[in-house]
Amino acid sequence: MEKEKQDARREQEEESEQSEQAEEPEQEEEPEQDERVVEVYTPKEQTQLVPEEREQRRQQKEEREKIRQYIFNCKKSAKYSMVTLQWRIENWVFENVLQLRNAAADQRESLFLQKLQQCSIIFDFSDAMMDVKSKEVKRACLNELIEYLSMENAITERVYPEVIQMVTQNILRTLSPSDNADYDPEEDEPTLELAWPHLQLVYEFFLRFLESTEFQPSIAKRYIDSKFVLHLLELFDSEDPRERDLLKTTLHRVYGKFLGLRGYIRKQVNNMFLRFVYENEKLNGVSELLEILGSIINGFALPLKAEHKLFLQKVLLPLHSAKSLNLYHAQLAYCVVQFVEKDCSLTQPVIKGLLRFWPKTNSSKEVMMLGEIEEILDVIDPSQFPSVMELLFKQIARCVTSHHFQVAERALFLWNNEYIVSLVEEHVQVLMPIMFNNLYRISKEHWNQSIVALVYNVLKTFMEMDQKMFNELTEAYNDKVTARAAASEKRREQWGLIATLADQKRVALAKARPDMEDALAKFESLTLSEKT
């Protein structure tokens, strides 16, 4: 026994001398992290070492030498930044740590926190060949974190700040400027996020965290505040549609979980839309924000608050005036229809608002607006229809006479809707005179035969509704055409008489003063600029 103690002391002294000799040439080259890493792997001082402890000490020493050499090589390489070097040092420590599902129950929380801190390191994806192994390690770690949230007792009070910190570091960032300064979402391809392999997993992790049955908003509200939400909303300007889609789901979950933030979210969305309409018309995530609002509006309690009605009239309706309406019109129309369906008294301000922003020269927007009108009429309360029918059908009558066949076709398709036809039939005495003249004229003059066929079908429908009024309007129209032709002929005769009198006066003037004829002829030969 005494001999083993002597051998252990002798071996310890030899190892200490070798360690000091190995450390001397590298002392000037070592990075600042060396002392911290060495402390992690330096074993406690022991006066007596059993064989198992000697073997453990030998393995720790070998591991320490590997880390030292690894850090030294990274320090010498110019391509590694300090952030990357920090990851590589921590990655060496955590790479071989137990996976969360294999760890003991009492170790999982601390291990989970370590992995969250590890995933807070951000990589530069502008160079696809740099740090490939480290990026893959982080990706695997994020997948492991997502899987861990499905375990029991995965979310405790200690993990909330670390989770929000990790999400903030990865997601809440300043968006890089677009590669195309004049980016047009209709014409140009979007600039995709290079770090998406990591971003996607962080979004999925955060969504799983919010949707967990163990998630407690009362604790999370200390960390998910108005500042966090504001940064989240700023990311909706990202050109990457994949990120905007996950942002949409994330913001919707935050809105549902945190009652205290709902008013703030609605206010900030209002501000974003107002800037979009009245300032720069540049916001890539309008359709996603409107999709969120559609589900929010669907959950509004009745009667609607004045705040919500003001939002409809001051924010949603002006969105119809933007040039890029076709990118988000489906979501916008859904929001407007939800308001009309919830409160029928909003029918009149909505219809008047749409007519106020009706396009004059953009046929594609006219087609979309006609589609929205049909959706509104499909849910309109019959008692509200008389208050808007005259203004509305005057605009529809103008659309029917459009030379753009798609506009005329979309307006005529309204008569394919049985509910709209029933509303028209109830008020045919008012609506048929508004529509008849334009329909009858288009049936004789329009260049597109498919439009003519649709007009005949609409006229037939009107005739079946009220044969007597139809005949009266037909006779009145024919009388008007005849009177118009007679007036045109009379006007032509009057102009002819004026021309004859002018010629006679000119001849008489030429006989009275021969020199005036030459002057008049010379004046008429001059150009317009010379005359002036």
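Q: Among contacts between residues at least 6 apart in sequence, what share joins residues at least 24 apart?
A: That's 74%, with contact meaning heavy atoms within 4.5 Å. Before we go on, this is a predicted model, so local features need pLDDT of at least 70 and side-chain atom pairs count only at pLDDT 80 or more, while totals for chains, interfaces and linings use all residues. Residues are numbered from 1 along each chain as its sequence is written, and side-chain values use heavy atoms, with hydrogens and water left out.

Q: How many helices and strands are there?
A: There are 25 helices and 0 strands. Both are DSSP runs numbered from the N terminus, with helices being H or I of at least four residues and strands E of at least two.

Q: And what percentage of the protein is buried?
A: 42% of its 532 residues. Buried is under 20% relative accessible area, exposed is over 50%, and partly exposed is in between, using a 1.4 Å probe and protein chains only.

Q: How many residues are in the largest nonpolar core?
A: It has 137 residues, and those with the most contacts inside it are Phe112, Ile224, Leu290, Leu316, Phe393 and Phe462. Helix 8, residues 196-211, gives the most to this core, with 10 residues. A core here is a set of buried Ala, Val, Leu, Ile, Met, Phe, Trp, Tyr and Cys residues joined through side-chain atoms within 4.5 Å.

Q: What does Ile224 contact, leaving aside neighbours within four places in sequence?
A: Ile164, Phe206, Leu210, Val254, Phe258 and Leu261.

Q: Why would residues three or four places apart point the same way?
A: Because an α-helix has 3.6 residues a turn.

Q: Which kind of pair do Trp196 and Tyr203 make?
A: A tilted one, because their centres are 6.4 Å apart and their planes are at 40°. Trp196 is buried at 8% relative accessible area, and Tyr203 is buried at 0%.

Q: Which residues do ring pairs link into a cluster?
A: Tyr160, Phe206, Phe209, Phe215, Phe228 and Phe258.

Q: What about Arg266, buried or exposed?
A: Buried, with a relative accessible area of 16%. Arg266 lies in helix 12, residues 262-280, and touches Tyr255, Phe300, Glu307 and His308, not counting residues up to four places away in sequence.

Q: Last one: where is Ser321?
A: Ser321 is in the loop between helix 14 (306-316) and helix 15 (329-342). At 35% relative accessibility, Ser321 is partly exposed. Not counting residues up to four places away in sequence, Ser321 touches Val277, Phe357 and Lys365.

Note on methods. Phe/Tyr/Trp six-rings, centres within 6.5 Å; stacked < 30°, edge-to-face > 60°.
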